[in-house]
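Hi,

Here is the structure I promised to pass on. Have a look at it first, and then read my notes below.

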Amino acid sequence: MAEEKSFKYVISGADISAGYAAREFARQGLKHGELAIISNEPASNKIFGLGDIDIETNTNLSKNYICGGPGGTGEESQSHQWYKDKGIELILSTEIIKADLSTKSFFSTGGTIFKYQTLIVATGSTCVRLSECGFQDTNAKNIFYLRDIKDVDQLALTMETKKKRTVVVIGGGYRGFEVSASLTVNNYEVTMVFPEPWIMHWLFSAEIASFYEGYYANKGIKIIKSTKATGFSTNSNGEVTEVKLDDGRTLEADVVLLDGGGRPMTSLFRGQVVEEKGGLKTDGFFKTSVSNVYAIGDVATFPMKLYGDMRRVEHVNHAFKSAEHAVKAIKAAEEGRSIQEYDYLPFYNSRAFDLSWQFYGDNVGQSVLFGDNDPKSPKAKFGTYWVKDGKVVGAFLEGGVEEENKAIARVARTQPSVGSLEVLSNVGELLIGSRVNRNRVLVSCHI
């Protein structure tokens, strides 16, 4: 007869949002043995990061593991001992082959059946494999996916032992943007190649991108845009030696890092939960279409209250906030209380070299640049507003101090009306000017 284990709460997956959910359960009050985290991923206290990255507000280069993930912001470190002390059972390296939401049961390859009363899906995203994109020679050694835990672990070892230091980063997204800077600081020779017309195309305007591309080039990073990588050359040991491009060129490479797209891991629940935009559709409390099943982080497609639509967000800031909100909603429902719906302001940021930027809101409509975005400036400081239907809907700032970043967040949240784009540009100049001017922006709701 199969072994059966029962829990009041089960978190499925070891995405960083799972760690945040566990922390919020502990804050809310949790009895020993009530909560289990089940994942096919192993636990690891080792966080591989090529730079100083604030896990509370930024995408870590590597996967932030469930053990050692949350913390770093004055919070108690969530080590194995932390989970043990809180009475949270970690059921890791355990593959679930079937989830039956009608009977609230998980079935593992080992034959164990896990029962739950309330389920939180925190499986996160997996990387899109090269083989799925028509690449050749995808089994070459020293090719690593930046979204894959095992690859990140192996990458750390490879970087320690490699004599040559030529790296090609395929992809111009978040991870490629940050890891390229970190590798350069650590004296690696880096080339970035991506098919989009400029770096961070999904977020940056062309004017913003031109600054970072120029700055990166000044630091020695070679950037090849509007070009696709199509395959690899290898040596007799099966190690990658070159990256082949669609224009016929080849790039020397000792190591290749892949900043490819991600895919929410929802297959275990397919056909049992309503899905939308690649994720599990939830309400403003992260409850899915199935009673007592919640979804958080990358896998949740939730109502973006500020814009009146449904969105899925991949960012550690949302992972933290969605986990916290879902657990609060679960506890409130148990106690017959109500809480406010999730009201998220989209947020992205990064630190690379001595640069630091923050973005809030939506990057749609017409962009208005202000400030100095010359990559040769000794201390460049600039920003961008996005205007749609006569209102400011998004704001970006490079080199801002705390009160300036708070100012652009407030602008993105309040969406002030705009009478003139020229006036808006002047307001941007005020924002990065004196403290008196910054205060004027902070208290103003109309531009």
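Before the first helix, a quick definition: the expected span of a helix is 1.5 Å times one less than its number of residues. Also keep in mind that this is a predicted model.

With that in hand, take helix 1, which covers residues 16-28. Helix 1 has 13 residues and runs 19 Å from its first C-alpha to its last, close to the expected 18 Å. It's mostly covered, with 10 of the 13 residues buried. Among them are Ile16, Tyr20, Arg23, Glu24 and Phe25. And what do the buried residues of helix 1 pack against? Their partners are strand 1 (4-12), strand 2 (35-38), helix 2 (80-86), strand 6 (113-121) and helix 6 (316-334).

Both ends of that helix are worth a look too. In the loop between strand 1 and helix 1 you'll find Asp15. Asp15 counts as buried because its relative accessibility is 6%, and buried means under 20%. Its side chain makes a polar contact with the side chain of Ser17, at 2.7 Å. Just after helix 1 comes Gly29, with a positive phi of about 110°.

Positive phi also turns up in residues other than glycine. Phe286 has a phi near 70° and sits in the loop between strand 18 (279-281) and strand 19 (293-295). With a relative accessible area of 0%, Phe286 is buried. Then there's Gln415, with phi near 50°, in the loop between helix 7 (402-414) and helix 8 (421-431). Gln415 is buried as well, at 17% relative accessible area.

Cheers

Technical notes: Residues are numbered from 1 along each chain as its sequence is written. This is a predicted model: local features need pLDDT of at least 70, side-chain atom pairs count only at pLDDT 80 or more; totals for chains, interfaces and linings use all residues. Side-chain values use heavy atoms; hydrogens and water are left out. Helices (H or I, at least four residues) and strands (E, at least two) are DSSP runs, numbered from the N terminus. Buried means under 20% relative accessible area, exposed over 50%, partly exposed in between (1.4 Å probe, protein chains only). Contact means heavy atoms within 4.5 Å. A polar contact is a pair of N or O atoms within 3.5 Å; within protein, one must be able to donate a hydrogen and the other to accept it, and residues adjacent in sequence count only if both atoms are side-chain atoms.
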